[in-house]
Amino acid sequence: MSVFINFFDETKRTEKKRLLLVFAVLIGFVNIASAQFSISGKVLNRRNQEPVEFAIVAVPNNGLWANANAKGEFIIKNIPAGKVKLSVQYLGFVKREYEYTLDKNLTGLILLMDEDNLTLSQVEITAKKGTDLATSFLMDRTALDHLQMLNVTDVSALLPGGKTNRSIHLATTAEQRFEINGANGERGNPTFGVGVEIDGVRLSNNGLRDQSASTTRVHGVDTKNISTSNIESVEIVTGLPSVEFGDVTNGMVKINTRKGISPYILELSTRPNTKQVALSKGLNLGGNNGVLNLNLDYTRSISNLASPFTDYKRNSLSANYNNTFNKKNGSPITFNFGITGNIGGYNSEADPDLFVNTYTKLNDNVLRANFSTKWLLNKSWITNLEASGTLNYNDKLSETSNNKSAPASTPSIRTSTNGYHVGEIYENNANAPIILIPPGYWYEINYVDNKLINYNGKLKANWFKQYSNLSNNLMLGSEFSVSGNNGKGVYYDDIRYAPTWREYRYDQESFVKNYAFYAEDLLSIPINHTILQLVAGIRSDITDINGSEYGLVSSWSPRLNAKYILWEKANKVVSDFNVKLGWGKTVKLPGFDVLFATPTFRDILTFAPGTTASGETFYAYYTMPRTRIFNPDLKWQSNVQKEIAINMNIAGNKLFITASQDKTSNPYTYQTDYTPFFYKLTSQVNLEQSAIPSVNRIYTINKYTGIVTVTDKTGAFPTETLSYADMYTFLSNTKYINGSAVTRNRITWTVDFKKIEALKTTIRVDGNYYTYKGIEETLSAYMPNSTQMMANGKPYKYIGFFGGGANSANGEMSRSVDMNFTAITHIPKLRLILSARLEASFYKLSRNLSEINGKQRGIVLDNRDAYTPSTQQTDIYGGDRFVGLYPDYYVSLDDLNVKIPFAEKFLWAKDNDVALYNELAKLVQKSNTNYYFNSSRVSNYYSANLAVTKEIGRFASLSFFANNFLNNLGKVYYRGSGTQASLFNSSLIPVFNYGASLRLKI
Amino acid sequence: MKKIAYLMLFTMLVFLSCKKDKTVKVHSVTVQLAYPATSSLTVTADVVVKLTGKGTSFEAKTNVEGKAIFNVPTDIYEVSATDSRSNSGSAFIYNGVKSNVAIVDGWSADNVIKLDLIESKTSQIVIKELFMGGTPADDTGVFNYDRYVVLYNNSNTAANLDNLCLATVAPYNAQLTNNAYYGADGKLTYENENWMPAGQAIWYFQKNVVVEPGKQIVIALANSLNNTITYSKSVNLNNAAYYATYDLASFDHAATYRVAGENIPTDHYLKTVKYGTGAAWALSNTSPGFFIFNPQNTTPVAFGNDVSQTSTITGYVSRKVPTSWIVDGVESYLLNNSNNKKRFLPSVDAGYVYHVNGNGYSLYRNVDEQATKAIAGNEQKLVHNYQFGTTAVGGTTDPSGIDAEASIRNGARIIYKDTNNSTNDFHLRSRASLRTN
């Protein structure tokens, strides 16, 4: 408390002066000058005193840096006087930070770097707290080696309270996505909102299209094609990322690959379902020619040990070139170019257990390229200038072969034009609007071709300034990014046997272009012995959707972060103490399914003469092309995050706590509209009196009137015009809308207890308390399925309108407390590290909700078969109650403009118009069980992991892991339903699985 | 002989070694049949009572007091009995079934299991055959859409099918692990209310259909066309005399309901009232419970649309069909599956017939040998040495040994067995009776 009092006293005295100074710095009116010095010296490997060429020595607070030359020498000029933090890092070495008070040039500095291995006294195999103002967690290579990832998403387990990935192989068509701020299955498209970058290359799912155009595909990018062997570090930003990062609402994942000189590293990994071989090398090209990194990765994962045929393969080759030019005059320029190719994917073609010649193949071929250059200008008006460009190409062509057979003609509708069409045999008319596939056996080979392309270019400038102890870093940047899909869409190998299909090529849709401009300022204000850091940034995205009715759309995302360092490395019980605050908005651009009016078709059967003795049937359909309805009011999905984080070191015990709230507004979702449609139906009934023998009939249908005529091939009988029945149906069409807001709250904690030296063991306790609530309140129309008829034999004619949609629940909440207890024993002499981790769920509660405007929606039913409200109960959350939901109102085909309040009419009809009551009852939605709205608490459960890494000299290391090694077969109790379930093979913990890796360094 | 002796010795060794680990206790069990108080008939001797355990079954006949006495090992048993008798010119059937009877340690020989029998009359129209398990395709797959049912007039007077409805009991599969209609007491919740759940939809005839004595009608339950064009082991249902459950407005699943064969008159299409969901009528292809009923004082359409008759369990919406409306039914179990559970009440079907899908097998009614032979001039037209039983694959056969189809072709009049107990009344036929190739 005294600290705060001191702070405010001091602030009062200097308040006016400082505020003026801050303001002046922010707007750049004052060109603050101070004495400047240089630091020069050598970077050496502590083990053999050899130079560490290319080591990066930096003064991060001033944006200054240099690369060591072949002799390990470096020089950084123009460093403002005062306290200076100096860092040195390089691939394969431990990053070191030093602090100096600079009042003259510092020369002859020897920086000794330690090779990153288990002989060191400090080794991190857990997630480290990131150093930026945005809350993030960093997993470096040592941690990743010990974790032994099957897929890069496995690193999520190292987040506070994170859980081990349950996937034990990759041989599935299911995707592996990051879940950072929000879990899969929640509202607000939380996985879609995660930004994933590899060396700055954004992996985007925005252009991916689904085979079924009527469904939405707003979820995150698949990460299976990312080689796990070439990753140097993964940083997961759970807080507010810098404005440099756009198109993100639910967390950022930054993956960095290996760059720098390294020996040959051969990595062999095995686990029952997956084998991996990887070879990497960082080549010093000598002279001033830079460094070339190469990485080869072969991974094969099978789905079934007993039948090792269906697999997922990764064949990855990466190359990265890195060099620094212009080192001598203190204005170095780094240049980096990386390229990665992967050929692989899922394939079940060799599986003998499948029906002969049936299979699924799903390509996961990738080409990623990136270049970046950074120039330390170190001028009075600019410090660094960075330019970068990236390209990501992902071939996700799927091929599925299905065995088909039919005892009669199968209609395959090909027409895209409005009107009535009759079927024809392919041999008679290959371009017929409806092709009749003859009876028999055939294979249908279906392709869905998605070729995702994303590329971008960035230009960014930094301007660092320092006056006295006040430092300022202004960043200005712009980004141009393009995403598109160059795939052919859906097609078939043999058009003769293609089912109902219309060509819709994804490559004919425009690419989406996004222009972004951003500015961010970081100000460090020393106040007494404390430091206040402020970051304010704003980003503007201007999205140009050429060819879409959405046209040009712009959005703003302001972000603010503040960090108050009360003290650091102080000689007291609490040696470090700082507090961070963050507030900001992030925006997620929509996927192509939202933007483009994907054509869909409604085909209504209008003529179905009886199947002939030879199995021929001549179908006719009315085809109506439709496009998804344009919504001029559609807004881009955004998220506002508020966060506070506290970091302390109490007597050697490190404590990091964050509390954050995320509110996702305007999430992308869709609703259905219904419009009535009237048509003519001709059936066998209308044909029964035909005098023309069926074998001699030629059917024609008037495209506009739907009237069917029958002509005699032989001419023996006159042409007949068939009678028909007038029918109606409702056509549905989807429209993308913005759903209701979703809120998430999260408290995370990480406690690293002081090392127990006697046991050479550290204990980490991390966890999170997470709450989620999503309620959809949008008014939505609903009709029963089109085959729901009325008692009079006619199609259903009422449309119900439900606030929040026609589901018993229009939302859900969940709360959970997950904790991990990790004991890490590290014996440097033995070059051994052993970790035992208990993953615990202490609280897991979820509940379905039915609410609108804060009030209960729905009624309690006395039993499952009731339709009218209980006279005894009204609270749907009262426990063990069946719940019904009435529409707010309904309309009838008789007059679609008259909105009839449902409840009133329905209850009246019960006693006065039973026929209407029976029909309206079809609109009533009911909960399936009487525990549907119960609070569903899952009893506590646990899983334990064990992992060991042992280095054998400097040239080999061996890791072993066993997840859920106690093979927990306990039971969990689901309080909501009163049921128990075994943890064996459950969705709660991973199954017992194990594996080992061997790394050889030559 | 020597081999037999060795085998016996080995068997004894196995038994002795088993005995060392586990002692199987045998209990004395008495079952008392209880006839309805309103019935004019009461207990009698020689009624067969059956105890069916997990993998074993025992039979004993009643004494004059209506008691049957067993000595059985520890197990959970189903107790069942069927008594078919005549009185004053009417044929009566008494069926009783009691499930989950635990004969375990602590069972006292003094305990008497009371088996309440329910009285029912024999039917005029019976389900002669139900074919729904699918046919092996000419490649390696199975064709599942050639289902049909044959309804047969088993009486001596013409039968009107006006108002007759087809129904499938919910849940559709007997082997469903958790049939929510079972209460905590191990009984079907509708047992005391005397109704049966007709799941999803019912089918009814567009016009009155008269079936003469000894005649039948065939109703295609899926593709009503010549399925043999593509599937040579299937059946041709494109026949002017046949009927079809074909109502595309309500059920439009393309593979199940291809356009009906042109030979079937459109007034032979049965119509449906659908109150559940789904694009095809959900008759199980493994273990259906199929029944036919006549709505009383209402119409099929009115009954099917009456939401007050709704009964719902998770995944199934049904209408409550009073058991007094039910004309006939057949309960089937999936062979070699331990999860089968009764869905029919004893008054409708006290037993079950095992079924195996995917092989072209059919559920076929047994011949009432005594009644059939009693018809004058019939015996010499009967064809014996029935070849279509499935005992070799664990199924069943017609105990009469009479080949009903061959006998009918030979001019015989067949009276089928109708005890409202499928265990007695049906067998698993190795091929559909309509199959011709």
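In strand β52 of chain A, A:Val883 is the bridge partner of A:Val860, and the two strands concerned, β51(A) and β52(A), the latter covering residues 882-885, pair in the antiparallel sense over three bridges. This is a predicted model, and the pairing belongs to an open sheet of three strands in chain A, with the order β51-β52-β55 and antiparallel pairing. In that sheet β51 (859-861) and β55 (925-926) stand at the edges with a single partner strand each, so one side of each is left without a neighbour in the sheet.

**Longer strand pairings in chain A**

- Strand β20 of chain A, residues 365-376, pairs with strand β21 of chain A, residues 384-395, in the antiparallel sense over 12 bridges, and within this pairing A:Leu376 stands opposite A:Asn384 of β21(A).
- β21(A) also pairs with strand β27 of chain A, which covers residues 451-467, again in the antiparallel sense and over 12 bridges; here A:Leu385 has A:Ala461 in β27(A) as its bridge partner.

**A mixed sheet in chain B**

- Three strands of chain B form an open sheet in the order β4-β1-β7, and the pairing in this sheet is mixed.
- The edges of the sheet are taken by β4 (67-73) and β7 (112-116) of chain B, each of which pairs on one side only.
- Direction ignored, neighbouring strands of this sheet are turned by 30 degrees against each other on average.
- Strand β1 of chain B, residues 26-34, and β4(B) pair in the antiparallel sense over seven bridges, and B:Gln32 stands opposite B:Lys67 in β4(B).

**Pairings around β23 of chain B**

- β15(B) and strand β23 of chain B, the latter made of residues 316-322, pair in the antiparallel sense over five bridges, with B:Ser318 in β23(B) as the bridge partner of B:Gly199.
- Strand β22 of chain B, residues 310-313, pairs with β23(B) as well, in the antiparallel sense and over four bridges, and in this pairing B:Arg319 of β23(B) is the bridge partner of B:Thr310.
- The hairpin of β22(B) and β23(B) has two residues between its strands, and in this hairpin B:Gly315 takes a positive phi near 90 degrees.

**The interface of chain A and chain B**

- On the two sides of the interface, 41 residues of chain A are in contact with 40 residues of chain B.
- The two chains bury about 3000 Å² between them, and 50% of this area lies on carbon and sulfur atoms; A:Pro407, A:Tyr441 and A:Thr787 supply 22% of the area that chain A buries against chain B, which is more than any other three residues supply.
- Several elements of chain A each supply at least two residues of the side that touches chain B, namely β22 (398-406), β26 (440-449), β34 (599-608), α4 (684-687) and α6 (914-920).
- By residue class, the side of chain A that touches chain B divides into 17 nonpolar, 19 polar and five charged residues.

**Salt bridges**

- Over all chains, a search of the whole structure finds 47 salt bridges, and one of them joins the side chains of A:Glu568 and A:Lys85, at 3.8 Å from N to O.
- This pair links distant parts of the chain, 483 residues apart, with A:Glu568 placed in the loop between β32 (551-567) and β33 (574-588) of chain A, and A:Lys85 in strand β5 of chain A, residues 82-89.

**Backbone features in loops**

- As background, most residues other than glycine have a negative phi, and most peptide bonds are trans.
- A cis peptide bond, with omega about -5 degrees, joins B:Ala170 and B:Pro171, and B:Pro171 has its place in the loop between β14 (165-168) and β15 (195-199) of chain B.
- A:Asn853, a residue other than glycine, has a positive phi near 50 degrees, and A:Asn853 lies in the loop between β49 (851-852) and β50 (855-856) of chain A.

Key. Residues are numbered from 1 along each chain as its sequence is written. Chains are lettered from A and ligands numbered from 1 in the order in which they are written. This is a predicted model: local features need pLDDT of at least 70, side-chain atom pairs count only at pLDDT 80 or more; totals for chains, interfaces and linings use all residues. Side-chain values use heavy atoms; hydrogens and water are left out. Contact means heavy atoms within 4.5 Å. Buried area is the accessible area (1.4 Å probe) that two parts lose on being put together, summed over both. Ala, Val, Leu, Ile, Met, Phe, Trp, Tyr, Cys and Pro count as nonpolar, Asp, Glu, Lys and Arg as charged, and the others, Gly among them, as polar. Two strands pair if DSSP finds at least two bridges between them. Axes are lines fitted to C-alpha atoms, for helices over the stretch in contact, and angles run from 0 to 180 degrees between N-to-C directions. A salt bridge is a side-chain nitrogen of Lys or Arg within 4 Å of a carboxyl oxygen of Asp or Glu.
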